[in-house]
Amino acid sequence: MKIYNTLNKRVEELIPNEPGKIKMYTCGPTVYHYAHIGNLRTYIFEDILEKALKYIGYEVTRCMNITDVGHLTSDSDSGEDKMLKGARREHKTVLEIADYYTQEFKNDCEKLNIRWPDIVSPATQNIDEYIKIIEKLLEKGLAYISGGNVYYDTSKLEDYYVLTNHKEDEMVVGAREGVEQDLSKKNQADFVLWFTKSKFEDQELKWESPWGLGYPGWHIECSGIALKYLGEHLDIHCGGVDNIFPHHTNEIAQSEGYLGHKWCNYWVHGEHLNDLNGKMSKSKGEFLTVSLLEEKGYSPLAYRYLCLKSYYHNVLTFSYDILDGAQNEYNKLKNKIKNITADKEEIQKEEIEKYNNKFKESLENDLNTSMALTTLYDVLKDNINNNTKLELIKMFDEVLSLDLLKEEKQEIDSELLSKINELIEKRNEAKKNRNYEEADNIRNQLLEMNIIIKDTREGTVFEKK
Ligand code: AMP
Ligand code: ZN
């Protein structure tokens, strides 16, 4: 398989440490809020990568963390702890927030057919591991204690910026959004391994450590969990492109500093999903969640289909128009497949082999999922018997995970969907202009179409009667 390796900035042949086996680590969610569909694009890409590797024949062990402590609002150790922010917002404890949003994330993954990784571990469950690593880093002179916190000393590294094109002077205060002056740091690029001096007196989660009561930095969590569950040699490490710096850069520094040898050979990053205003965020604009898409009548797998149509390495810009298009194509695809009925013919082995190879080749070509979908359409068009087609669809769906052979409950077709959305918009406009009669008329018109609408905090949603 060929894959784009951020470490060497080129597409490379994947050669695992142990033949036939892949150890894969993927950064997990910070469970302080719902995941937006941008976050989920990254998890879809990682899911496809894992399934593609298995399809090609590798044995894959995948591990993911759940960040439930230590991730501050700026990735560079400044700002407020995101978990604490979530707990304050909802008047709950940090652990209640963590449990709730972990479950919600799991539900989203299920809806999108994202396989739950073999090992999923919350950051708060591995404190001893971080302490062990930090002690060793101090012993080796790669870390120092200052102002109560433990920092990694980035000046001790020959190539701290190995993953990025960043330069040290870019870390100077003010040059980069979110970087605050921390007077305890020796070098601006240094980062916190262990906090004891929290700016927030009510930081809920704290543990005893050789450096006092405190909590781990965000970056050490991933190094600790990956080393604990996958060992000293990692084949693939994934995340979204925003993780490259500083998070993955810091993970490399910590893990390789601790181990004294190279840690991970392939760093694979998924590009972002943007909205029309730029980077998607949980705080500005419409908060796009899977549930919101469902409330608007879209099927989560139409979103998965949209992600598969694009190359993971390119930015994808979200709009309801392109989602409408994807929903439409997805419905048509499912309908086409529904009409393929099993026959009494023998499966055509040479056709299976031909198409299987084509499908594999697309995946092996830097995870070209759009080409893999084209191969699926080629199968549907081809003059081969139905049993052969059904067998190939079943095989391909192990990777695509689009429920291609599963019968759905009645779906709303995209023409009806755009009509509904158009009427809802008209009604909102009427309400804004205080034209309540017109608004009521539109509600009745929708009722006649068997559509019930509800006004919620997130906007107007609808369901079929
Ligand atoms: P977080 O929960 O903020 O730690 O992010 C979870 C994952 O989502 C990380 O791997 C990020 O790189 C990824 N991510 C964040 N924003 C986006 C986006 N707009 N599009 C795709 N992936 C994203
Ligand atoms: Zn991570």
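**Stop one: the metal site**

Select the zinc ion (ligand 2): along the chain, its donors follow the spacing C-x194-C-x24-H. Donors are N, O and S atoms within 2.8 Å of the metal (3.2 Å for Na, K and Ca); water is not among the atoms, so sites may look incomplete. Now show C27 (SG), C222 (SG) and H247 (NE2), which coordinate this zinc ion at 2.0 to 2.2 Å.

Colour C27 and H247. C27 sits in the loop between β3 (21-26) and α1, and H247 in helix α6 (residues 244-259). The two are 220 residues apart, so the pair links distant parts of the chain. Helices (H or I, at least four residues) and strands (E, at least two) are DSSP runs, numbered from the N terminus. Both C27 and H247 are buried. Buried means under 20% relative accessible area, exposed over 50%, partly exposed in between (1.4 Å probe, protein chains only).

This is a predicted model: local features need pLDDT of at least 70, side-chain atom pairs count only at pLDDT 80 or more, and totals for chains, interfaces and linings use all residues. Side-chain values use heavy atoms, without hydrogens and water; residues are numbered from 1 along each chain as its sequence is written, chains are lettered from A and ligands numbered from 1 in the order in which they are written.

**Stop two: a buried threonine**

Select T164, in the loop between β9 (149-152) and β10 (191-195). T164 counts as buried because its relative accessibility is 10%. Leaving aside neighbours within four places in sequence, T164 is in contact (heavy atoms within 4.5 Å) with K9, I244, F245 and T249.
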